[in-house]
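View the structure first, then read on.

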Amino acid sequence: MYSSKINSKDFPKNFIWGVASSAYQTEGAWDSDGKENSIWDTFTNDKKFPNGNGNTATNFYHNYEDDIKKIKELNLSAFRFSISWSRIFPLGIGEPNQEGIDYYHAIIDCCIENGIEPWVTLYHWDLPQALENLGGWTNREIIDWFSYYADFCTKEYSSKIKKWIVLNEPMSFIGLGYFMGIHAPGKKGLKNFLPAAHHATLCQAEGGRIIRKNIPDAFIGTSFSCSVVTPKNLFRRHRKAAKRLDALLNRFFIEPALGLGYPTKDIPGLKRIEKYFQDGDEEFMKFDFDFIGIQYYFRIVAQYSFFPPLLFANEIPAKKRNVKTNNMGMEIYPKGLYKMLKKFSKYKNVKHIYITESGVCFDDELINGEVEDKNRIKYFKKTFVICSKAIKRGIKLKGYFVWTLVDNFEWADGFKPRFGIVYNDFETQKRTIKKSGYWLKSFLKK
Ligand code: GAL
C-alpha cells in the first residue's frame with residue numbers, strides 16, 4: 001500500500017496544499033502593542049509550569065514576512081493561522097485594539113502579496129484571561145462574548161478572508177483544559193467539562209451563523225481532533241470501552257452540529273450534559289458547515305477500566321505497547337488517517353473534508369547546517385498515499401495542511417516536540433529548512 005511513488009499529480013488540480021499554525025504557539029510578543037493576557041500566558045508564566053512559555057515563541061509577530069515567504073518558497077499555496085482574541089479585544093469584549101487589528105491585516109496582506117491564500121481560525125485555544133476570570137468556557141455568557149469577537153473579526157476581514165474555521169479541536173481544549181487540567185486554564189472535573197463542552201458546541205454553531213451573515217460567500221468550517229480507537233483485545237468489555245472512547249473523542253462535537261445530538265446513547269454517563277441545556281439548544285447546536293477539518297495524529301488502544309467513572313475506559317499508553325512513537329510518546333500510525341477519513345465522510349451532511357492539521361514530531365537536530373528528518377518524509381509519503389487512495393475511492397477530501405511550518409511552542413510540552421518542516425533555533429530564531437521541507441517543495445513542484 002505504501003509505495004513511495006507518490007506525486008502531487010496524483011491529486012486533483014484544485015487540491016489545497018497548505019501549512020497550519022496557531023497564534024499562541026508562534027507569535028510571541030505576548031504583552032506588546034496593547035495585547036493583554038490569554039489563559040495560555042497566565043498558565044505558562046505560572047512558576048509551577050515546567051516547560052517554558054510562548055512569550056517569544058517563534059517570534060512570528062516580527063518574523064511573519066520571512067515565514068510567509070518560506071511558505072511560498074516551499075510551493076505551498078495556503079496558510080492557516082489563528083487570530084489571538086486578546087490582541088483584538090484585550091479584555092475579551094469592549095474596546096477593540098487597533099494595533100492588534102492592523103497586525104492581522106498585515107499578515108493577511110503579506111499572504112495575498114505572496115500568492116498564499118489565508119485560512120483563518122477564530123479560536124485556537126487562547127481565551128482572554130479577563131473572560132476566564134468570569135468562568136471562561138464554563139459560563140454560558142461565552143456565547144455572547146464569542147459572538148461579539150466573531151462578529152467583529154468577520155466584518156473587519158470580510159473582504160480579504162473567505163476561508164474560515166470556527167474552533168480548533170474543541171475536544172482538546174475542553175478535555176485537556178477543563179477536565180484534566182493539563183492545559184490552560186488548568187481546570188478539572190466533570191463540573192467544568194460538561195458546561196464548557198456544551199458552550200463550545202453552541203459557539204461552534206453560532207460562529208458559523210455569524211460568518212454566514214457577515215460574509216455570504218465565505219467557505220465555513222470547523223476542525224475536530226480524531227483518533228482511531230481500537231480495543232485492547234476482542235473481549236466484550238474492552239470493545240465496549242473502545243466504543244465509548246470513540247464516541248467521546250471522535251463524535252462528541254461533530255454530531256450535535258449535524259443535528260444528531262451528543263452521542264450519549266453510547267456514553268450514558270455524559271447524559272448529565274443536558275443539565276446545561278436551555279430551551280432551543282438542540283436547534284442552536286446545529287450548523288450546516290461547508291466543510292469540516294479533521295486533525296489526526298495518533299491511535300489509541302482502549303481497555304475497560306473503573307476510572308474515570310462514567311466513561312469506564314482508558315488508554316493503554318503507546319510506550320507499554322512496543323510500537324513506534326513520536327517524541328511526545330504517541331503512536332505513529334498513519335494508516336489510521338484512512339479510517340478517520342472514511343468515518344467522517346460517512347456522515348450524511350459532511351460536504352467536504354480538509355485535513356486541517358497533520359504532522360509528526362521528533363527530536364530533530366541541526367548538524368552542519370542541515371536537518372535530516374527522514375522519518376518525517378516517510379510519514380508524509382505514507383499519509384499522501386492514503387489521501388490519494390481516499391480521493392480515488394470517492395472521499396471528498398479537498399486539501400491537506402501540514403502541521404507545521406516552523407518548530408514552535410507545543411503547549412504543555414514546551415519546545416521539545418519539533419513538528420516543523422523548518423527547524424527553529426529558539427535562541428537566535430534562525431530558521432533552517434529541513435530535508436522534509438525540501439522534499440515537500442519538490443513534491444509540490446508544478
Ligand atoms: C493539535 C493542535 C495544534 C498542535 C498539534 C500538534 O492538537 O491543534 O495546535 O499543537 O496538535 O500536537
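Predicted model: local features only at pLDDT ≥ 70, side-chain atom pairs only at ≥ 80, totals over all residues.

Residues are numbered from 1 along each chain as its sequence is written, and side-chain values use heavy atoms, leaving out hydrogens and water. Helices (H or I, at least four residues) and strands (E, at least two) are DSSP runs, numbered from the N terminus.

Helix 10 covers residues 236-251, and its axis comes within 13 Å of the axis of helix 13 (residues 335-345). The two axes cross at roughly 75°. That makes helix 10 roughly perpendicular to helix 13 (65 to 115 degrees). Axes are lines fitted to C-alpha atoms, for helices over the stretch in contact, and angles run from 0 to 180 degrees between N-to-C directions. Asp246, Asn250 and Arg251 in helix 10 meet Met340, Lys343 and Phe344 in helix 13 (heavy atoms within 4.5 Å).

## Helix lengths

The expected span of a helix is 1.5 Å times one less than its number of residues. Helix 9 (residues 190-214) has 25 residues. From first C-alpha to last, helix 9 reaches 35 Å, close to the expected 36 Å. Of its 25 residues, 20 are buried, so helix 9 is largely enclosed by the rest of the structure.

Strand 3 (residues 117-123) is mostly covered, with six of its seven residues buried. Strands pair if DSSP finds at least two bridges between them. Strand 2 (residues 78-82) pairs with strand 3 in the parallel sense over five bridges. Here Phe81 has Val120 in strand 3 as its bridge partner. Strand 3 also runs parallel to strand 4 (residues 163-167), joined by four bridges. Thr121 is partnered by Ile165 in strand 4.

Six of the six residues of strand 8 (residues 353-358) are buried, so strand 8 is largely enclosed by the rest of the structure. Strand 6 (residues 291-304) runs parallel to strand 8, with four bridges. Gln295 stands opposite Glu357 in strand 8.

Strand 8 also pairs with strand 9 (residues 397-403), parallel, over four bridges. Ile353 stands opposite Leu397 in strand 9.

Definitions and conventions
Buried < 20%, exposed > 50% of the residue type's maximum accessible area, 1.4 Å probe, protein only. Parallel < 35°, antiparallel > 145°, perpendicular 65-115°, else oblique.
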